[in-house]
Amino acid sequence: MSRRLAGGGRVDRGARLRFSFDGDAYEGLRGDTLASALMANGVRLVGRSFKYHRPRGIVTAGPEEPNALVELRGGARREANTPMPVIELFDGLEARSQNRWPSLAFDLLSANDLIARFLPAGFYYKTFMWPASFWEKVYEPLIRRSAGLGSAARAPDPDRYETLHAHCDVLVVGSGATGLAAARAAAEAGARVILCEQDFELGGGLLLDPAHEAWRAGMIGALLRQSEATVLSRTSVFGYYDGNVLGAIERVADHLPVPPDHAPRQRFWMIRAREVVLATGALERLIALPDNDRPGVMLAGAALAYLRRFAVAPGERAVMFTNNDEAYDTAFALHDAGIEVAAIVDVRAATARAEPARQRGIDLRLGSVVLGVHGRRGVRGVTVAARDGANAKTLSADLLCVSGGHNPAIQLASQSRTAMRWDSAIAGFVPGESTQRQRSAGAARGLTGIASCARDGAAAGAAAAADAGFAAASGFDLPPDSAEPGTQVEAFWEVRSAGKAFVDLQNDVTADDIRLARREGYEHIEHAKRYTTLSMATDQGKTGGLVGAAVLAAARGEDVAAVGLPTYRPFAVPISFGAIAGHAVGKDFAPIRRTALHRWHERRGARFMEVGPWLRPAYYPQPGEENDAWASVLREARAVRQAVGLCDVSTLGKIDVQGRDAAVFLDRLYTNTFSTLPVGRARYGLMLREDGIVFDDGTTSRLADDHFFMTTTTVNAARVLEHMEYHAQTVWPDLDVQFCAVTDHWASMSLAGPQARATLAKAVEGLDLDNAAFPFMGVGDAAIAGCPVRIFRISFSGELAYEVATPAGHAERVWEAVLAAGRAHGIAPYGVEALGLLRIEKGHVAGPELTGHTTARDLGLERMLKKRGDYVGRVLAERPALADPDRPRLVGLRPVDRRARLRAGGHLVAAPGSAESLGWLASAMPSVELDCWVGLGLLARAESWRGKCLFVAFPLNDETTEVEVTHPHHVDPENARVRA
Amino acid sequence: MHRIDCPWCGLRDEIEFAYRGDATVRRPPADAGIDAFYEYVYLRDNPRGWHVEWWHHAAGCRQWIKVVRHTTTHAIHATAKADEDMQVPRS
């Protein structure tokens with residue numbers, strides 16, 4: 001049964017589009033939305049409600065739609081909860097209704113509707129309280145199955161999304177008469193203008209009246225000729241943030257089956273506007289009355305839109321229920337289009353529109369209300385009566401148009417922190433004084449009528465441009481003034497009678513729920529909102545939120561102006577996660593840092609691991625080791641202990657520090673002294689936070705009196721630089737010191753093992769490596785393979801070691817030369833796993849011990865705290881709790897059973913099963929030197945445990961391992977090897 | 001999102017900056033004692049209204065700057081270099 005009218009509308013009758021809804025095939029026209037196309041096909045039942053699974057139809061013609069939500073598309077592109085009135089029809093469109101099982105017409109869970117008195121407001125809070133053990137196994141699965149609307153796609157989103165940063169002088173939101181006039185006035189004044197319209201056609205309310213078409217087309221044409229005006233349709237502004245930054249989503253390809261090649265599906269606009277004009281129009285509100293959710297109950301303005309814009313008859317026999325004059329336009333338009341208007345039911349005692357209604361022969365019932373709606377899956381009739389309930393009469397009808405007046409669309413203004421003001425002329429809230437550089441215009445501030453809105457828009461656009469510094473003369477014709485008497489609304493919110501009277505259709509909130517919330521103490525609008533979920537659905541209560549507030553106000557015996565509305569927050573319309581994420585997904589989620597030697601590691605088949613943002617080689621599997629990572633790690637570690645190994649340590653933070661006061665500055669940053677460090681020497685340094693906790697460590701070398709080269713741990717490099725900048729710029733700005741990060745400028749490699757000197761001697765030119773000439777902690781410049789290098793005799797592994805640094809571009813050449821020199825000595829490249837093993841054996845602390853809770857003394861580093869002079873953290877490290885000798889302190893741990901493995905993270909306990917934790921095992925690795933696992937832990941009263949045994953408990957795995965408490969240096973405690 | 005006028009770089013998005021907090025606290029002299037340092041590290045006023053704050057232009061010039069910001073409206077009254085004294089507006 002086609003309800004498409006023979007003529008008129010903005011649809012292209014020559015362009016037929018096929019689509020399906022719940023598997024049934026239909027046809028629509030180009031220019032349709034899914035809502036108008038289904039309506040044209042006579043489909044009224046389009047969804048089931050959230051809580052009661054009641055049959056629902058199409059209520060609105062815009063993004064404020066609470067009912068007609070569908071799953072759009074299928075597979076990886078399935079998009080849940082999409083409002084039908086914003087789905088632009090395309091050929092091949094597939095949509096499915098939601099929240100029904102097994103079918104839309106027969107939904108088993110609609111039994112909820114019959115037991116509704118057991119599902120009151122706050123039902124979840126009251127019912128699913130106890131026993132606690134029921135929550136995970138019973139309640140949550142139950143709620144998840146029966147609640148919620150559509151389901152999201154499970155597969156990764158195949159489409160691309162873009163982010164675009166834009167600046168403009170004047171941003172205009174909305175392209176109705178107000179917005180078009182504002183944008184044109186601002187653009188002609190010379191301002192750079194962006195105009196955003198959420199619809200696929202510009203014009204807003206102008207689209208509903210052919211009489212305005214010439215003006216609309218002229219305005220758009222003039223705007224498009226402005227070189228500095230950007231006009232965006234299909235673009236919803238969803239958020240108004242601090243600093244006049246607004247977010248918008250442009251639906252670039254949502255109206256196509258799939259995005260064209262190289263085009264994003266949606267574009268996220270982040271717009272920084274000097275001035276903003278909110279021409280967002282007004283939204284019609286419902287009236288709460290029993291069964292006001294039946295398919296066929298529709299807002300009056302929506303009925304007009306379907307009739308005029310889409311040339312669809314929204315019903316065959318209509319009743320209009322109104323509290324204002326504006327709804328009469330719809331009633332007359334329906335009548336004039338040949339649709340029977342059974343009655344206009346007006347709550348008011350009189351109206352200036354009475355005469356034209358009577359002229360059309362329409363049954364006008366003043367001082368009357370609609371008491372109820374008949375028909376379950378669709379309106380079959382309505383009962384009308386006088387306001388006191390007298391003279392009740394049932395009228396046959398399949399369409400009930402409702403108009404409770406109009407709310408200015410204040411969502412964005414509210415987000416910009418504009419306080420709202422009650423305007424009794426429209427019985428609604430209008431924006432008060434702006435706090436950001438923003439103004440509302442036209443219907444968005446309560447005006448009515450095309451001409452007055454256009455005039456207001458032009459003035460707002462010119463004023464915004466002037467405030468942005470543009471005041472060129474502009475002038476254009478406005479639509480002719482008609483006698484616009486205003487809407488003459490009477491505040492009227494609810495018809496009280498038996499049955500469910502909905503104030504929030506999407507969340508199934510009734511007027512009774514609001515009263516119940518108030519009786520139970522949720523009087524404040526913000527509390528009532530959360531208790532009942534009023535306005536908390538994706539439509540944010542755009543059609544019924546104020547009605548709910550008015551019901552609450554009446555229950556409180558107060559004025560709705562005093563109750564107010566809950567605060568609006570982003571998002572004014574739902575937007576997709578994909579658009580927010582933009583390009584930052586998968587491998588592009590965060591930048592990946594690679595060292596200058598990365599390609600060499602790849603060629604060598606290294607397995608990589610993430611260390612902060614870095615990719616570092618974990619180990620290098622050799623033939624036969626592919627399925628045994630331990631074989632590689634232990635082989636590499638043995639090479640270092642027994643021969644020589646080479647490790648890429650380029651990821652350590654490197655900071656070049658210069659200036660007359662560089663040494664003084666470092667003295668204040670580190671717990672130990674650098675002003676006494678001779679040129680050409682390196683020193684290990686320990687850095688605290690100001691609260692006395694260990695922050696970072698590393699070696700710093702003195703290259704000249706006023707020139708130092710610092711290193712930091714890989715993970716703290718950025719934090720250390722920020723710490724230095726803060727202190728240099730704000731705490732000690734008088735110091736003459738400059739520094740900059742040079743991490744990426746230098747590649748560095750650690751050559752370690754008994755054969756390190758022999759290896760390096762073969763490769764290096766210009767440096768005498770003799771132990772006397774270049775001792776432990778020596779620093780010198782030299783060349784390898786013709787490349788400049790700086791050599792530091794420092795060791796992390798505990799072996800004789802040299803760190804070779806070279807400008808990053810020479811990295812591979814130097815690395816290859818060192819490897820070639822070491823071939824005869826059995827050199828092996830080693831990765832981060834072997835590096836970690838070696839440092840645990842040696843008892844050097846690293847990340848697992850520098851937890852942000854440990855002090856220098858905890859880590860056995862108290863000898864590094866200098867006695868004289870100021871440094872960051874000195875004073876607070878002396879706090880009694882931090883100096884407590886019973887605090888957990890660094891120890892070595894080895895299993896008593898030499899074959900047992902240790903698991904980092906385990907608790908140290910005195911006896912198996914003990915619940916008293918004495919500390920923890922921070923790091924553990926199998927030793928290549930001791931033939932058992934070794935660990936580093938932090939243990940309370942460590943001295944008293946030295947040489948004794950306790951247990952590592954790992955209850956998650958039900959493991960308890962007896963361990964011996966040892967010195968932390970499992971290897972070479974005398975530190976002889978590094979000096980050899 | 002704030003838009004912050006870096007005195008070295010000009011108007012920039014908030015995402016380029018890192019926030020630290022109250023810019024009126026001063027690190028005490030080395031001999032000021034534990035209480036003074038405790039106050040410096042831990043104790044902060046939480047004013048409703050104008051507040052002078054340290055912001056670090058971390059993704060820009062790497063300078064620490066002062067920002068006079070309103071803690072309820074998020075309005076920014078002024079920005080300055082680290083060594084400038086800033087007064088908060090009266091209201």
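## Strands, helices and a chain contact in a predicted model

In chain A, strands β40(A) and β41(A) form a hairpin with 2 residues between them, and A:Ala785 in the turn has a positive phi of about 55°. The structure described here is a predicted model.

Strand β40 of chain A covers residues 779-784 and strand β41 of chain A covers residues 787-792; the two run antiparallel. At one position of this pairing, A:Ile784 has A:Cys787 in β41(A) as its bridge partner. Strand β41(A) also pairs in the antiparallel sense with strand β42 of chain A, residues 801-807. Here A:Phe792 has A:Glu803 in β42(A) as its bridge partner. In general, strands of a sheet pair through backbone hydrogen bonds, either parallel or antiparallel.

| Strand pair | Bridges |
|---|---|
| β40(A) and β41(A) | 6 bridges |
| β41(A) and β42(A) | 3 bridges |
| β45(A) and β48(A) | 3 bridges |

**The barrel.** In chain A, 6 strands close into a barrel with antiparallel pairing, in the order β44-β47-β46-β45-β48-β49. Neighbouring strands of this sheet are turned by 45° against each other on average, direction ignored. The bridge partner of A:Val909 in β48(A) is A:Phe951. Helix α23 of chain A, residues 832-842, packs on the sheet and touches β46 (919-926) and β47 (933-939) of chain A; the direction of the helix makes about 125° with that of β46(A).

**Two packed helices.** How far apart are the axes of helices α5 and α11 of chain A, and at what angle do these helices pack? The axes of α5 (residues 177-188) and α11 (residues 450-467) lie 7 Å apart, and the angle is about 30°. Because angles under 35 degrees count as roughly parallel, α5(A) is roughly parallel to α11(A). The crossing of α5(A) and α11(A) is right-handed. Among the residues that meet are A:Ala177, A:Gly179 and A:Arg184 in α5(A), and A:Ile450, A:Asp456 and A:Gly461 in α11(A). The residues of this contact divide into 14 nonpolar, 4 polar and 2 charged.

**The contact between the chains.** Chain B gives 19 residues to the contact and chain A gives 21 residues. On the side of chain B that touches chain A, the elements that give two or more residues are α1 (34-42) and β4 (50-56) of chain B. The largest share of that side, 4 residues, comes from α1(B). The residues of the side of chain B that touches chain A divide into 10 nonpolar, 5 polar and 4 charged.

Technical notes:
Residues numbered from 1 in each chain as written. Chains lettered and ligands numbered in written order. Predicted model: local features only at pLDDT ≥ 70, side-chain atom pairs only at ≥ 80, totals over all residues. Pairing = 2+ DSSP bridges. Axes fitted to C-alpha atoms, helices over the stretch in contact; angles between N-to-C directions. Contact = placed C-beta atoms within 7 Å. Nonpolar A, V, L, I, M, F, W, Y, C, P; charged D, E, K, R; others polar. Parallel < 35°, antiparallel > 145°, perpendicular 65-115°, else oblique. Left-handed = near helix turned anticlockwise from the far one by under 90°.
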